Amino acid sequence: MFKYYITRFAMLIPKLMVISIIVFIGIQMIPGDPVTRTISPEVYAHLSPVQLNELRQELGLNDSMVVQYLRWLSGLLRGDFGYSLVTGGKISGIIASRLPATFELAFVSLIFATILGLLFGFISAIKKNTIIDYTNTVLGMIGISVPPFFFGLLAILLFSIYLRWFPTGGRMGYGHVTFFARLKYLVLPAFILGISLIATLMKFTRGSMLDVLSKEYIKVARSKGLSEIKVNLKHGFRNALIPIMVVLVMRIPMLVGGTVIIETVFNYPGMGSLMVSSISGSDMPVVMIGTFIMTSSVLLASFFVDVFAAIIDPRIRFGTDAGGGNGK
Amino acid sequence: MGSKNRVKSSLMRRNLHKLLSNRLALVGLGIVLLLVVLSAFAPLFTKYDPSFIDVSQRLQKPSMEHLLGTDNVGRDLFARLLYGGRVSIFIGIVSALIAAAVGIIIGSVSGYFGGKIDMVLLYISEIVMSFPSMILVLVLVGFLGQGILNLIIIFTVVGWPSTYRIIRSRILSLREELFVESCRASGIGGASIMFNHLLPNALGPVVVIITLSTGGYVLAEAGLSFIGLGVASSVPTWGNIINAARNLRIMQNFPALWVAPGVAISLFSLGLSFFGDGLRDVFDPEE
Amino acid sequence: MNEEIILKVENLQTKFRVGKRIVHAVNDVSFELKKGTMLGIVGESGCGKSVTAHSIMKLLPKNGSITGGKVKYYDNNGKAHILNEYDRNSKELRTIRGKEISMIFQDPLASLDPVYTIGSQISENLREHENISKKEAFDRVVSMLFELGFSNPEERYYDYPHNFSGGMKQRVMIAIAMICNPNILIADEPTTALDVTIQAQILTLMSKMQKTHGTSTILITHNMGIVAETCDEVAVIYMGRIVEFGNLEQIFNTPMHPYTKALLKSVPVLSSGGEKRLEYIPGATPDGSEVIKGCAFADRCKHTMEICRTKQPVESIVDGSHRVLCWLYDKGGKNA
């Protein structure tokens, strides 16, 4: 069982390596003097051309690309991401201030959207072909089709400007240190970010539930005299969840990508809005590091969903040694 | 041969019948066609130039003169919506078609040759897909810059793997089937087997992908233009028009300016999902 | 004939709605199950035998419903329950399902939930109906598994269904059905999906269980050979009607209905010995959505008469419990 998790985790590493190589190549393609990206601009401004050349030698910029990549990678692993072209600050510092915000937003959104999507899909399936099911289906179509930033604008107009329930944007007011103080800033963006995930999960949960409910073992469960709730949840829903985990893994990148738009709409100071402002300001080193961090987070998140899928499905867990317990 | 054609055409008739009996799919197709016609023949429906600035007419309420009113520099909103639709829909459709074409070509190569070529191409597609597509789009915008052509290129780079995977897996599984063997026995060459027999079998799902991804690219263009990283703001697109809403005063006091393009995008994309889902039911009854 | 009756089905009628059509799966089925005996219900596929079984416990899919007749079950206190009057998933019905009447299904490969251990799936039934501790439940399940021929039941308890072969899965299904020691066991084609060699093992096992626990059993099958080996009484069903009913000797030694005779000739009966030519029954079973005026077997019967095509036959009592639904025997069963 552990073997499975470790194998899955080990499979992440080559992928992360390839992504880091792509990011490294991207950084090399940024126009301008690479020295500026490894030392602070203030220092750079005071250097003579001779000193610069020495520095270049010293920094290893004349080394082969492979050596440079390995050095860059080891820096990356130690949290040395280089310097921003625009602010001149360390990229690690910028990321440190932005990553928790996006993590908070994406995580809350993911949990919330997963719960709602599964719940609505479940209800739609057990109330198949009723008015509730049809309403859910139509709302789901709208949720997938309407662009999230338009939802965001409508929500700001309605809930922030007219009803004044939530702030129009930002992450926290003065002194809002705890998570709960920030919650009112989080509600709208997290919900809007999750809408298309809710809709997708609902659609797949409905389909998966209907598929499972037509299985023979559901009839067996009924024949044991179990209540409908037990049949639907314990035997129906638990089995329906398994294929949905795959859908969830595929949708996590979209959720994380969606932060770019949502954070801009809500002026939310996270990785997504950082990406946008850095591209507008041609701060490509920040863009590349941001890309690396967001992509690796997505891979890591998918890994955790895979782990969860293995927990609920013994066939995945014991997939490698299915013959082990077979005592014929 | 004749009987084979008859079988094919009756299958097509049945599929067509199935599609026509899906009311939601027809409504979707209707919405999409309406928006396409309105945009394509924009000059027939409005007398205004979408870029003509008339400061004396700024921020007019909707009237007979200006059907949806005017924006903050006096441009007619209805005209901008129609001409904006031209650009947005053009980007969406062309990106979807090119991405699918690239996917078909790479997928055919991968599926037909197999072996190392297949492995490398499959791995590349996996790497492309492991990036969140929005992030990849942004990075490419950072390198290539904004503009209609660049957006189409970028959407192609990000979007080809979905078609690629379908084509590849269809070809791999169909290759195993006997009728290919019988073709080979009767002396038809390799490439012609692939294109005459294998591809038609895979085209159904590709049509579905093109339909659904057109909507996806229209949404992506709108999102990018909305955050100011799509098409240059001088060109009217649905996303650029909505961009006005980033001004809180306009957002609050002149909702028509951004709600109208928002509704247009939503309707177009909703129409495509209805139609695309209908197509999927026809081509892939198991789902 | 003074054995105690435990289940009485009277004029059962079950219909399905398929799109806009109504399919009459069970038209008129009546039989009695005597305590401690095994009743075989035999017929071709699509004749309504499975639907009959599912109707007893109201385990029909949502588009199916019982539209007429009665299913009467007499519990240990002699109290009569009219099962078809209970709601589909009512408390009354659920206390009987699995506890007093249980069922084994056709396809053991699909009958076990893949995400739970087989032990927990067996004890689920037990713990639903009996207020016992986990430990007691475990012990009961283990001894049941042992009785069913698992050599290391304590270990197998924690195995998942994907570790089991088809025959073992069906043993697990028997365990699920028998763990509460039910009064009635309904086995719906329990061996159809299994290999021939495994079929015999499962049947032997079921007979043994039926004898040791004294469970009254309904065995649904299309195989006359299986009936011959295991059953006490036989109901032959065709197009949703019981066309002949009798005890084993009556059905095998003096079959009356042309369909029964044809069935006997079309199925290899192992115990009969000797080389006998198998016959097939010409034609196919009619579509259940058509309403047939006369006898449903008329088109395939060798002895069709004028009346067969116009009027539904009435039941003739041949000899005690032996009854037949055929115009040939209308005058006291003397005709042959």
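Analyst: Helix α4 (residues 77-113) of chain B packs against α5(B) at an angle of about 140°, and their axes are 7 Å apart. This is a predicted model, in which local features need pLDDT of at least 70 and side-chain atom pairs count only at pLDDT 80 or more, while totals for chains, interfaces and linings use all residues. Residues are numbered from 1 along each chain as its sequence is written, and chains are lettered from A, and ligands numbered from 1, in the order in which they are written.

User: Why are α4(B) and α5(B) called oblique to each other?

Analyst: Angles under 35 degrees count as roughly parallel, over 145 as roughly antiparallel, 65 to 115 as roughly perpendicular and the rest as oblique. The angle here is about 140°, so α4(B) and α5(B) are oblique to each other.

User: What makes the contact between these helices?

Analyst: B:I106, B:V109, B:S110 and B:F113 of α4(B) meet B:G115, B:I117, B:D118, B:L121 and B:L122 of α5(B); contact means that C-beta atoms, placed from the backbone, lie within 7 Å. These residues divide into six nonpolar, two polar and one charged. Ala, Val, Leu, Ile, Met, Phe, Trp, Tyr, Cys and Pro count as nonpolar, Asp, Glu, Lys and Arg as charged, and the others, Gly among them, as polar.

User: What makes up the side of chain B that touches chain A?

Analyst: In chain B, 32 residues are in contact with 35 residues of chain A. The residues on that side of chain B divide into 21 nonpolar, 11 polar and no charged.

Notes
Contact = placed C-beta atoms within 7 Å. Axes fitted to C-alpha atoms, helices over the stretch in contact; angles between N-to-C directions. Helix = DSSP H or I, 4+ residues; strand = E, 2+ residues; numbered from the N terminus.
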